[in-house]
Structure formats: structure tokens, C-alpha cells
Amino acid sequence: MTEAHTGAEREAVLCAAFVQLADTWAADYDVIDRLAGLSHDCVALFNVDAAGLLLADGRGAPRVVASSTEDARLVEMFELQADEGPCLDCLRTSTAVLTADLEQARDRWPRFVPRTLAAGFHAVHAVPLRLREDTVGALNMFTVAPGDLPRADLHTAQALADVAAIGILRERAIRTQQTVTVQLQAALNSRVIIEQAKGILAERGNLDMAEAFTLLRAHARSTNQRLTDLAREIVTRTADTRAILEGGRSRGDQDPPR
């Protein structure tokens, strides 16, 4: 958590996060955008350096659907490939997996730990997205320095994860199982389009992937577009990427040190 989000500002961020997660009645409810917002909110609210989310697809297979940084996304992708790690254990057991020092967990996750340490993270705390017996995903918080998160922060993170789960399950409940599978697959396909758009913006704007996503999301919101629709326009070259990059710089969305 940064110094900018303390006291009253932190309360405002927290309230906004709950409102966004709970608002599943909106016609333009966007699962990917809401979960991306949750990952960034966790960094703003808690003493963590990155956050991400795994979501089970229609067949129960875990997928990476959101992350606050590119390093966190790559670690989560590796976790799925290695089929081991705290986030997967959290999803499979429906219980929080709190790892204050990854150095002490090498025997438990022999492949995951070295890769995560190499990425600069020394602690991982994962809480489930669950409603009673239904667990749909895991919220994963990464820190550069080893150490426990305050109990109050863990309770708040679990509350946010639970509200996210309620929203996802509520949306699924109004569809048949076939429709659910198609909808979630569409969300996963959307994630592919978003990654492609990030790559294009990163290459043309000399940005890293995290900066490109921040710019993409800010432009979608400022133009009242769905994140996936804007990403598709970038990939199909119907969007003016130069204007997007220039608009981001004029708003101050991107001012990375070089």
C-alpha cells in the first residue's frame, strides 16, 4: 500500500471496491474488468506489492484472469504450468494459504518457490473466492519482503474475495450450464485479446506490459468502452494507437522513469 492511500482515502478506495464488486446487476457487467480492478485495489489497500486472481473455468480448471503487474501474472502462469503453489492450494482446499517466507517452503513447492523468488517476491498470501461450499477462484497477494500481513488486512481481503465470488456465482446462476461455459470461455478469450493489445501498446509506446495495461484500461474508461472491445479494436487496427498513447501521456496515465 502506498502513502497516498491512507486514512480517509483508504476508506474511500475500500468502499468503492465493495460497490464495484457487488454491482452485478448492470447490463455491461464485465468479469475481467472487475477482477482486474480488485487486483489493483488490493495493492492500494494493503501492504502488498502485487496481486492477481485465479478463476476456475466451467470445468473447474484454474486460469489466470487478472494481475496488477506483469511479474505477478508470469508467476501465476508458471504456477499453473508447474501445478503447485499457494494459490492452487488455496483454490483446491477452499482455505487461506499464508506463506510469510517462501524460503521456508522450498520442500512444499520445489518448483514454484525458486521461480517466485527469482521474480522478486518473498511472501505470498492467498485467500479463496468462495460462497459456502462453492469456491470459484483465489485472490493472491505478493510481497517483495518476507512477513505476515496484518490480521485485519487478511479479513478485509477475504471479505472482498467473498463479495467477488457472490457476484460471479450470481451471474452464473441466471444462465444454464452451457451458457456459463460459453460466457467464461468468452472471458478467457477476451483475456487473450487484452494481452495482445497490451503487447501492441507496449511495443509502440516503449512501455512495459503493466504500463500498457494501465493505459488500455484508463482509455477504455475515459471513452466509455468495454475493455475487451477496445483491445479488439487495437488488435484489428481499427483503433488509433497513437492517439491512445498521446492521450495517456496528456492525462499523466503514463510517465515511467527511463
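Predicted model: local features only at pLDDT ≥ 70, side-chain atom pairs only at ≥ 80, totals over all residues.
Just after helix α3, Asp 83 takes a positive phi of about 60 degrees. As a whole, the protein has 10 helices and five strands, and buried residues make up 50% of its 258 residues.

**Helix α3 and the residue that follows**

- Helix α3 covers residues 70–82, a run of 13 residues.
- From first C-alpha to last, α3 reaches 18 Å, close to the 18 Å expected at 1.5 Å a residue.
- The buried residues of α3 are Glu 70, Ala 72, Arg 73, Val 75, Glu 76, Glu 79 and Ala 82.
- Asp 83, with its positive phi, comes just after this helix.

**Other positive phi values**

- Most residues other than glycine have a negative phi.
- Asn 224 has a positive phi, near 60 degrees, and sits in the loop between α8 (209–222) and α9 (227–235).
- With a relative accessible area of 72%, Asn 224 is exposed.
- Arg 237 also has a positive phi, near 65 degrees, and its place is in the loop between α9 and α10 (241–251).
- Arg 237 counts as exposed too, at 69% relative accessibility.

**Aromatic pairs**

- Searching the whole structure turns up two aromatic pairs.
- In one, the ring centres of Trp 109 and Phe 112 are 6.2 Å apart with the planes at 80 degrees, so this pair is edge-to-face.
- Trp 109 counts as buried at 2% relative accessibility, and Phe 112 is buried at 0%.

**Arginines over rings**

- The charged end of Arg 115 sits over the ring of Phe 78, 6.0 Å from the ring centre.
- Arg 191 lies over the face of Phe 213, at 5.7 Å from the centre of that ring.

**Nonpolar cores**

- The largest nonpolar core holds 52 residues, and Leu 35, Leu 129 and Leu 216 touch the most other members.
- Leaving aside residues up to four places away in sequence, Leu 129 touches a set of residues including Leu 53, Val 136, Leu 139, Ala 161, Ala 165 and Ile 168.
- Asp 134, Thr 135 and Gly 137 are also among the residues that Leu 129 touches.
- A second, separate core has 21 residues, among them Val 75, Cys 90, Leu 102 and Phe 142.

**Helix α6 and a spot on its side**

- Ile 166 is found in helix α6 (residues 151–173).
- At 42% relative accessibility, Ile 166 counts as partly exposed.
- The C-alpha atoms of Ile 166 and Arg 130 are separated by 7.6 Å, although the two residues are 36 apart along the chain.

**Overall contacts and surface**

- Among contacts between residues at least 6 apart in sequence, 63% join residues at least 24 apart.
- The accessible surface of the protein comes to about 12300 Å², and 51% of that belongs to carbon and sulfur atoms.

Notes: Residues numbered from 1 in each chain as written. Heavy atoms only, no water. Phe/Tyr/Trp six-rings, centres within 6.5 Å; stacked < 30°, edge-to-face > 60°. Buried < 20%, exposed > 50% of the residue type's maximum accessible area, 1.4 Å probe, protein only. Lys NZ or Arg CZ within 6 Å of the ring centre and 35° of its normal. Core = buried A, V, L, I, M, F, W, Y, C linked by side-chain atoms within 4.5 Å. Contact = heavy atoms within 4.5 Å. Helix = DSSP H or I, 4+ residues; strand = E, 2+ residues; numbered from the N terminus. Expected span 1.5 Å × (residues − 1). Areas by Shrake-Rupley, 256 points an atom, 1.4 Å probe, with all protein chains shown as cover.
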